[in-house]
Amino acid sequence: MTRMKLLGFLMAGLALVACGDEEGAGDGGSGSDIEGKQVGSLTAEEADGLCDDLRGQAKTISKEDACEAAGVLASLFGTECETTRQECISAPEEPEETDDLEACGASQFTGCTATVAEVRACVDAMVGTIKALTCESTITDLAEKPAACAAIEEKCPGALGGGGEEDESEG
């Protein structure tokens, strides 16, 4: 599983939360001047800048991190985490597939009232979760939504795959 596939899997429920690291991407207008702006009101150029940030943040997930997460996922289906991890690390690097991230853009943010800063904090936390996984981790560790994503769940309904009805998690 490549880093981009793993992030695509993770981000499938977070499609409209397309932002990334604390440093702006430069020419997309994604610097501190828009940190307080709601993502649903971003211009196309600003949204593209956030998407570029997300792509950059995804690349901070190492192959080892992605393989560790793949092992945790495989353990759901009865495969030994360490076996999957080792096979993944030994496999040749696949070309990065960005299909999930290519769909990123202003239209993905429609209706989301979270600020750029809130979205950045959420994505940073989600990437941190992937980086922290080990074969000692459980699927709960992978699936648990970081506290930094609470604003996204509230202000961008459906962004984290919850759809709003199944909010019975006891954090």
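The questions below concern the disulfides of a predicted model.

Q: How many disulfides does a search of the whole structure find?
A: Pairs of cysteine sulfur atoms count when they lie within 2.5 Å. Over the whole structure, the search gives four disulfides.

Q: Is the disulfide of Cys 81 and Cys 135 left-handed or right-handed?
A: The sulfur atoms of Cys 81 and Cys 135 are 2.1 Å apart. The torsion about their S-S bond is about -80°. The disulfide is therefore left-handed.

Q: Is Cys 135 buried, partly exposed or exposed?
A: Buried requires under 20% relative accessible area, and exposed over 50%. Cys 81, at 7%, is buried. Cys 135 has 22% relative accessibility, so this residue counts as partly exposed.

Q: Where is Cys 149, the partner of Cys 122?
A: A disulfide with S to S 2.0 Å joins Cys 122 to Cys 149. Cys 122 sits in helix H6, and the two cysteines are 27 residues apart. Cys 149 is in the loop between H7 and helix H8.

Q: What is the handedness of the link of Cys 122 and Cys 149?
A: Cys 122 is buried at 0% relative accessible area, and Cys 149 is buried at 2%. The angle about their S-S bond is 100°. The link is right-handed.

Technical notes
Residues are numbered from 1 along each chain as its sequence is written. This is a predicted model: local features need pLDDT of at least 70, side-chain atom pairs count only at pLDDT 80 or more; totals for chains, interfaces and linings use all residues. Side-chain values use heavy atoms; hydrogens and water are left out. Buried means under 20% relative accessible area, exposed over 50%, partly exposed in between (1.4 Å probe, protein chains only). Helices (H or I, at least four residues) and strands (E, at least two) are DSSP runs, numbered from the N terminus.
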